[in-house]
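Here are a few worked exercises on helix packing. Grab the coordinates and try each one before you read its solution.

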Amino acid sequence: MTKRHGYALLAAILAVVVLLSAAVYIGVAADDGSGAGVADRRTSHTAAPASAGTWVGSWSASPAGAEPGTERDGLAGRSVRNVVHTAAGGTSARITLSNLFGRQPLVVTHATIAVAATGNGAAAAPGTMRRLTFGGATTVTVPAGGQVMSDAVRVRVPHDVDVLVTTYSPTPSGPVTYHPRARQISYVADGDHVEDVSAAPYTGRSPYWRYLTALDVLSDEATGTVVVLGDSLTDGVTSTVGADRRWTDVLARRLRASAGSGGTPRYSVVNQGISGNQVLDAGHGRSADSPSGLSRFGRDVLGRTNVRAVVIDLGVNDILRNPDQVDPRTVTDGLRTLVRRAHLRGLRVVGATLMPFRGHRGYTDAREAVRRAVNAEIRAGRVYDAVVDFDAALRDPYDQRRLRPDYDSGDHLHPSDKGFRRMAEVFDLSDLKGSAPAEL
C-alpha cells in the first residue's frame, strides 16, 4: 500500500467514526429524559417511532378511586374501550395503565390503540388499529398500587380527535382504578374484542375512564406539556358530555392556535382535575380515594411527560368541606408547598383565584370571608409565579359573591359551558413561558 492510499484509507475511517458519533448524539438528544428511549428499544422495529419529535402528554386523567361494585372480580372477561380526546398530535403513541386502587395484581393480556372513526364512537378509523406491547410482550401485570407504561407504537394521531384505548383482562383483579367524572362516554364488550375495528360488540356504555391514565405522543407540533391540577372546576363536571368543553380543552385549543406567535409556547395541556379534590385532605369514601393535591402532586404533576409548566386551581373544597376551616393561611400555606415542589423541578406555576359560590348549599358568610382572604394573598403575588383571575372574570358584577348568571351551570358553584370558555379566554398564554424564579 502506498503512503497516499494509506492516508485515503485513514480519512475514510475517520469519516465513518464522525458519522456514527453524530448518529449517537442525535439519538440521545431526541430523548426527553422520560425513559422513552429505553422503552422504544424494547419494541420491535414495526412499533418503533418513525420520525423525530418530542414526547408530550396528549391526554391524561388522574386515578380518583376504586369503582364501586368491582371489589371482587374487577372487569374480568370484558373488553374496556376508553374514549379520550387528544390535545396534541404525533407520529407515535404510548399509554399508561394504573392499578393504584387495586388490591391485587391486574393482568392485561391484550391492549390496543386506534383513532376513532367518529367522535364519541367505539369504531376505529380504518388502518389505525395497533396492538400495544409492554417491554416487548403483549401481556403485562400491573402490581397493586402501581402503574405501567406501554412501549411506543407507530401510529399517526391527529390533534383534537378521539382515540380508543382498549384493554382486556381475563382474570378477576379486584377493585378497578377509575376516573368517575369523565364527561365522556366509553364502551365495554363481553369477551376479548380488543382488536375489533367495529363498534358492534361494544354494547355497554360507561361514564368512566378505567385503568387508563395517560396518552403520550411523539409530537411534531408541541415541545412540552402544561399540567393543570384542580378539582371539579377543572374536571369539568358540568360541561356538556362528549363535547370537550372543559376550560382546559379550550385552553389547549387556544395554545395550539397561537403557538409560536406573540411569545406563546408550543405546549399541550393535560387535565389532572379530580372532583371534590382538596389541597390538604383526601375526599369522602375510602381513605385512599380522591387523594389530596399534596399527596398526588408527585405522580399526577411531576410524573407527567415533559412537564414545562403547572397550573393550579385548588382551594375551594378546603373551604366548603371543612366546617371548622376559618384560617385562610392553612389553604395558602398548602398551595405554597405545591409551588415549592414545582420550583424544585424548575417549573413555573400559574395559579387561579377562587371563584364565588353564593347560592350553593355550602355557602356561609364565614366561608366567603376565607375565600376573599385566600384570593387577596394570591392577587398580591405571595403564592404563585403568575395569576389567572377566574374570580374577577366570572363573578356577577352586581353581587361579587355569586357567579354571573350566564356563567353559572345552575348549582352556583360550577360554570356553564360559557363559563368554562370564559376561564380559558382570560388566561394569559405568555404566563406559561419561562422557568421558575430563583426565589418567589
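**Exercise 1.** Work out how helix H7 (residues 328-344) and helix H8 (residues 365-379) are arranged.

*Solution.* Start with the ground rules: this is a predicted model, where local features need pLDDT of at least 70, side-chain atom pairs count only at pLDDT 80 or more, and totals for chains, interfaces and linings use all residues. Residues are numbered from 1 along each chain as its sequence is written, and side-chain values use heavy atoms, with hydrogens and water left out.

Step 1: get the axes, which are lines fitted to C-alpha atoms over the stretch in contact, with angles running from 0 to 180 degrees between N-to-C directions. The H7 and H8 axes come within 9 Å and cross at roughly 40°.

Step 2: classify the angle. Under 35 degrees is roughly parallel, over 145 roughly antiparallel, 65 to 115 roughly perpendicular, and the rest oblique. H7 and H8 are therefore oblique to each other.

Step 3: list the contacts (heavy atoms within 4.5 Å). Pro-328, Val-331, Thr-332 and Arg-336 of H7 touch Val-370, Ala-373, Val-374 and Glu-377 of H8. Sorted by class, that contact has five nonpolar residues, one polar and two charged.

**Exercise 2.** Check the length of H7 and find what its buried residues pack against.

*Solution.* Step 1: H7 has 17 residues, and from first C-alpha to last it reaches 25 Å, close to the 24 Å expected at 1.5 Å a residue. The expected span is 1.5 Å times one less than the number of residues.

Step 1: pick out the buried residues (under 20% relative accessible area, 1.4 Å probe, protein chains only). Among them are Val-331, Leu-335, Leu-338 and Ala-342.

Step 2: see what lies against the buried residues of H7. They pack against strand E17 (224-230), helix H5 (293-302), strand E19 (307-313), helix H6 (316-320), strand E20 (348-352) and H8.

**Exercise 3.** Is Ser-416 buried or exposed?

*Solution.* Step 1: locate Ser-416 in the loop between strand E23 (399-403) and helix H10 (417-425).

Step 1: its relative accessible area is 15%, so Ser-416 is buried.

How values were computed. Helix = DSSP H or I, 4+ residues; strand = E, 2+ residues; numbered from the N terminus. Nonpolar A, V, L, I, M, F, W, Y, C, P; charged D, E, K, R; others polar. Buried < 20%, exposed > 50% of the residue type's maximum accessible area, 1.4 Å probe, protein only.
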